[in-house]
Amino acid sequence: MKYILRSLCLIGFAILSSCGAVPGQQSFSTAPDIPRARYVYLDAWGNQYVITQNKLEYTPVSEENSIDDLKDQGRYAQLNITLNEYGKIASVCDRELAREQAPLSATRDSLLPIPMLTKTLETTESLELDLDGVRELNFILKPYLKPVQ
């Protein structure tokens with residue numbers, strides 16, 4: 001009796017567990033490789049940010065490589081970013097590329113570099129950023145560099 005009850009339980013479990021359930025094919029790969037733009041942002045101090053779909057590379061200005069004695073802007077950093085973080089940064093960059101930029105002020109210090117944003121995908125587009133564009137990009141990029149600076 002004991003063996004019959006166990007046998008019925010095993011058969012019942014086998015039937016219930018196979019009721020139309022088909023093992024799915026799991027894929028741990030990421031989304032298909034869609035070509036994504038590469039952005040290069042040169043801020044008002046000469047620091048360079050290179051943004052790709054999985055990395056944010058920050059190359060700061062330092063006193064050693066500056067001819068006009070700019071103060072150090074931190075250390076070089078290459079940070080991994082998620083596709084979601086890349087999307088947020090890319091949307092701000094695309095918005096700035098689409099927006100008409102105001103001319104830079106004539107009273108601006110001519111020794112400072114001109115802030116630039118470049119997008120490369122199949123073609124390359126580049127533009128000089130105004131103060132609002134610099135603020136927007138700094139607002140989204142600076143938090144990534146807090147542990148570095």
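Mentor: Ala, Val, Leu, Ile, Met, Phe, Trp, Tyr, Cys and Pro count as nonpolar, Asp, Glu, Lys and Arg as charged, and the others, Gly among them, as polar. The model is predicted, so local features need pLDDT of at least 70 and side-chain atom pairs count only at pLDDT 80 or more, while totals for chains, interfaces and linings use all residues. Residues are numbered from 1 along each chain as its sequence is written, and side-chain values use heavy atoms, with hydrogens and water left out.

Trainee: How many residues in the lining of the largest pocket are nonpolar?

Mentor: A pocket is an open set of points on a 1 Å grid over the protein atoms alone where a 1.4 Å probe fits, with protein on both sides within 12 Å along at least five of seven lines; lining residues have an atom within 4 Å of a point. Here the lining includes W45, R108, D130 and V134. One lining residue is polar and two are charged, and the nonpolar ones number nine.

Trainee: How much space lies in the largest pocket?

Mentor: Grid points are joined across faces, edges and corners, and a volume is the space filled by probe spheres set on the points. For the largest pocket this space is about 180 Å³.

Trainee: Which strands stand at the edges of the sheet?

Mentor: Strands (E, at least two residues) and helices (H or I, at least four) are DSSP runs numbered from the N terminus, and two strands pair if DSSP finds at least two bridges between them. The open sheet has six strands with antiparallel pairing, in the order β4-β3-β2-β1-β5-β6. Each edge strand has a single partner, so one side of each is left without a neighbour in the sheet; these strands are β4 (77–80) and β6 (124–128).

Trainee: Which residue of β2 is the bridge partner of L42?

Mentor: Strands β1 and β2 pair in the antiparallel sense over four bridges. Their hairpin has five residues between the strands, and G46 takes a positive phi near 100° there. The partner of L42 in β2 is Q48.

Trainee: Which residue of β6 does T120 stand opposite?

Mentor: A hairpin with three residues between its strands is formed by β5 and β6. These strands pair antiparallel over five bridges. Opposite T120 stands T124.

Trainee: What angle does the direction of helix α3 make with that of β1?

Mentor: Axes are lines fitted to C-alpha atoms, for helices over the stretch in contact, and angles run from 0 to 180 degrees between N-to-C directions. Contact means heavy atoms within 4.5 Å. Helix α3 (residues 131–141) packs on the sheet, touching β1, β2, β3 and β5, and its direction makes with that of β1 an angle of about 115°.
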